[in-house]
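Hello,

Here is the structure we talked about handing over. Please open it alongside this message; my notes follow below.

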Amino acid sequence: MDASGHLGSALVHLLLHRGYTVHAALQPHAHGESQSAEELLPCNNEKLRIFDADPFDYHSITNALKGCCGLFYCFEPPSDHSTYDEFMAEIEVRAAHNVLEACAQTDTMEKVVFTSSVTAVIWNEGRSTASTDLDEKNWTDVNFCKKFKLWHALSKTLAEKSAWALAMDRGINMVTINGGLLMTPDINISNPYLKGAAEMYEDGVFVTVDLRFIANAHICVFEDVSSYGRYLCFNHVINCSHDADKLAQMLLPSSDSSPPQSWEKTRIYQQRISNRKLNNLMEFENDQLLST
């Protein structure tokens with residue numbers, strides 16, 4: 001849920017390939033006139049059931065969750081409020097609360113994998129002077145986000161904190177995947193993750209993640225009984241001018257392909273963010289597969 005986004009649909013395909021029975025929950029707006037459910041998902045698979053499940057309609061969520069042992073939750077902004085602004089945090093928190101409450105009322109639910117963001121980790125006043133790498137212990141400062149209008153980071157931070165509070169209160173087994181900038185074919189400069197990109201770059205915390213990698217990470221933390229807490233998820237760091245230029249050319253129209261001035265530097269910025277926790281888990285999983 002939501003199975004209509006890039007990550008959601010990738011998860012559906014991977015889970016079906018692994019033999020799972022999957023309930024694909026689509027927000028009502030997600031398969032309107034422009035795209036049908038048949039175009040989004042492999043509907044001829046007998047192990048797939050498709051549901052309309054609005055994150056703001058509690059009963060539609062419980063209906064989709066019925067009989068499920070796990071939930072992969074990826075928030076997709078509603079069609080009537082698709083822009084990240086100062087009001088999006090309230091919307092995303094409300095959706096997260098509804099979904100976690102529905103999980104608490106689903107007797108068969110064993111684990112929730114909640115998709116969050118690196119932006120819920122990296123933003124705070126002392127970010128550029130910290131002596132240690134940022135990792136899962138770090139949280140973005142909400143007041144810092146409000147001060148600099150970092151609405152994506154604010155929404156992701158508050159939604160994840162709300163989800164953790166409810167999960168602990170209701171005894172829900174939850175892990176979060178805090179993903180970097182998701183590299184999809186339609187990525188562009190309007191992506192809300194990119195607010196503060198120059199500062200992320202200079203701080204050594206501008207990270208991206210491929211769709212296949214983050215989808216596999218979700219399934220890995222779901223299947224591994226030892227997984228816990230938060231997992232920073234990325235497989236590339238943008239910390240040199242070559243990579244910054246390459247990304248800028250992807251994000252900006254061809255008529256304006258020059259990178260921001262702050263990126264036009266030959267130095268390499270030291271990486272200051274660690275994904276060691278996830279890499280260790282995924283390496284262990286791969287070792288287990290090779291030894292069986």
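**A buried asparagine**

Asn239 counts as buried, because its relative accessibility is 14%, under the 20% cut-off. Keep in mind that this is a predicted model. Asn239 lies in a loop, with strand S9 (236–237) on one side and helix H9 (241–251) on the other. Which residues is Asn239 in contact with, leaving aside its neighbours within four places in sequence? They are Tyr201, Arg267, Ile268, Tyr269 and Gln271.

**The three-stranded sheet**

S9 also belongs to an open sheet of three strands, ordered S6-S7-S9. The pairing there is mixed. Strand S6 (181–183) and S9 are the edge strands, and each pairs on one side only. Two bridges join S9 to strand S7 (residues 207–210), in the antiparallel sense. Val207 stands opposite Val237 in S9.

**The four-stranded sheet**

A second open sheet has four strands in the order S3-S4-S5-S8. Its pairing is parallel. At the edges are strand S3 (70–73) and strand S8 (229–233), each pairing on one side only. On average, neighbouring strands of this sheet are turned by 20 degrees against each other, direction ignored.

S3 pairs with strand S4 (residues 111–117) over four bridges, in the parallel sense. Phe72 stands opposite Val113 in S4. Helix H4 (residues 88–104) packs on the sheet. H4 touches S3, S4 and strand S5 (174–179). The direction of H4 makes about 175 degrees with that of S3.

The largest pocket has a volume of about 1000 Å³. It is lined by 32 residues, and the closest to its centre are Phe75, Glu76, Pro77, Leu182 and Asn191. Helix H1 (6–17), S4, helix H6 (151–170) and S6 each give two or more residues to this lining. Which element gives the largest share of the lining of the largest pocket? S4 does, with three residues. By class, the lining of the largest pocket has 13 nonpolar, 15 polar and four charged residues.

The second largest pocket holds about 390 Å³ of space. There are 23 lining residues, and Val22, His23, Cys68, Gly70 and Phe72 are the closest to its centre. At least two lining residues each come from H1, strand S1 (22–26), helix H3 (58–65) and S3. How many charged residues does the lining of the second largest pocket have? There are no charged residues; the lining divides into 18 nonpolar and five polar.

Some parts turn up in more than one place. Phe72, which stands opposite Val113, is among the residues closest to the centre of the second largest pocket. H1 gives residues to the lining of the largest pocket and also to that of the second largest pocket.

**The cavity**

The structure holds one cavity of 30 Å³ or more.

Best wishes

Note on methods:
Residues numbered from 1 in each chain as written. Predicted model: local features only at pLDDT ≥ 70, side-chain atom pairs only at ≥ 80, totals over all residues. Heavy atoms only, no water. Pairing = 2+ DSSP bridges. Axes fitted to C-alpha atoms, helices over the stretch in contact; angles between N-to-C directions. Contact = heavy atoms within 4.5 Å. Buried < 20%, exposed > 50% of the residue type's maximum accessible area, 1.4 Å probe, protein only. 1 Å grid on protein atoms, 1.4 Å probe; cavity = no way out; pocket = protein on both sides within 12 Å on 5 of 7 lines; lining within 4 Å. Points joined across faces, edges and corners; volume = space filled by probe spheres on them. Nonpolar A, V, L, I, M, F, W, Y, C, P; charged D, E, K, R; others polar.
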